[in-house]
Amino acid sequence: MTTARFRPPNRRGAAVELVAAYDWSFDLDVGRFKVCEMEQFSGSEAEHIELVTGKILAIAHHGFRRGWLDRLFAFGRDRVEPWEL
C-alpha cells in the first residue's frame with residue numbers, strides 16, 4: 001500500500017490524500033471526506049493512471065463541495081477550495 005499527499009500552494013485549497021493498494025484499488029480523501037473509493041480496477045495501467053490523475057485534477061481545479069449540514073456544523077475548518085494554479 002502506498003500513500004501520497006498532495007498539498008495546494010494556497011492555504012484554503014483542498015489537500016488530497018491518495019491511498020493506493022497493490023491490486024490497483026485506491027481511495028481519495030479531502031480532509032475527513034472520502035471523495036472516491038474504488039474497488040479493483042480492470043483496465044490498462046495507462047487508463048488507471050488517467051482515472052486517478054483526472055480525479056485529483058478535478059479537485060485541484062474545482063475544490064470539494066461540502067454538504068449543507070457539514071457547512072453548518074464544521075464552521076469552515078476543512079480546506080475545500082480550489083488550488084491556485
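Me: What makes glutamate 81 and arginine 12 a salt bridge?

Reply: The closest N and O atoms of glutamate 81 and arginine 12 are 3.3 Å apart. A salt bridge requires a side-chain nitrogen of Lys or Arg within 4 Å of a carboxyl oxygen of Asp or Glu, so the pair qualifies. The model is predicted: local features need pLDDT of at least 70 and side-chain atom pairs pLDDT 80 or more, while totals for chains, interfaces and linings use all residues. Residues are numbered from 1 along each chain as its sequence is written, and side-chain values use heavy atoms, without hydrogens and water.

Me: Which parts of the chain does the pair of glutamate 81 and arginine 12 tie together?

Reply: Glutamate 81 lies in the segment after helix H2 (68–74), and arginine 12 lies in the loop between E1 and E2, so the pair ties together parts that are 69 residues apart in sequence. Helices (H or I, at least four residues) and strands (E, at least two) are DSSP runs, numbered from the N terminus.

Me: Why is aspartate 29 called buried?

Reply: Its relative accessibility is 14%. Buried means under 20% relative accessible area, exposed means over 50%, and partly exposed lies in between (1.4 Å probe, protein chains only), so aspartate 29 counts as buried.

Me: Is lysine 34 buried, exposed or partly exposed?

Reply: Lysine 34 has 42% relative accessibility and therefore counts as partly exposed. Lysine 34 forms a salt bridge with aspartate 29, with the closest N and O atoms 3.1 Å apart. Another salt bridge links lysine 34 to aspartate 27, at 3.4 Å. Shared partners join Asp27, Asp29 and Lys34 into one network.

Me: How do you know that strand E2 and strand E3 pair?

Reply: Five bridges join strand E2 (residues 16–20) to strand E3 (residues 26–30), and the two run antiparallel. Pairing requires that DSSP finds at least two bridges, so E2 and E3 pair.

Me: What is the order of the strands in the open sheet?

Reply: The four strands follow the order E1-E2-E3-E4, with antiparallel pairing. Strand E1 (2–6) and strand E4 (33–38) are the edge strands, because each pairs on one side only.

Me: Which residues make up the largest nonpolar core?

Reply: There are twelve residues, among them Val16, Leu28, Cys36, Ile56 and Trp83. A nonpolar core is a set of buried Ala, Val, Leu, Ile, Met, Phe, Trp, Tyr and Cys residues joined through side-chain atoms within 4.5 Å. H1 gives the largest share of this core, four residues.
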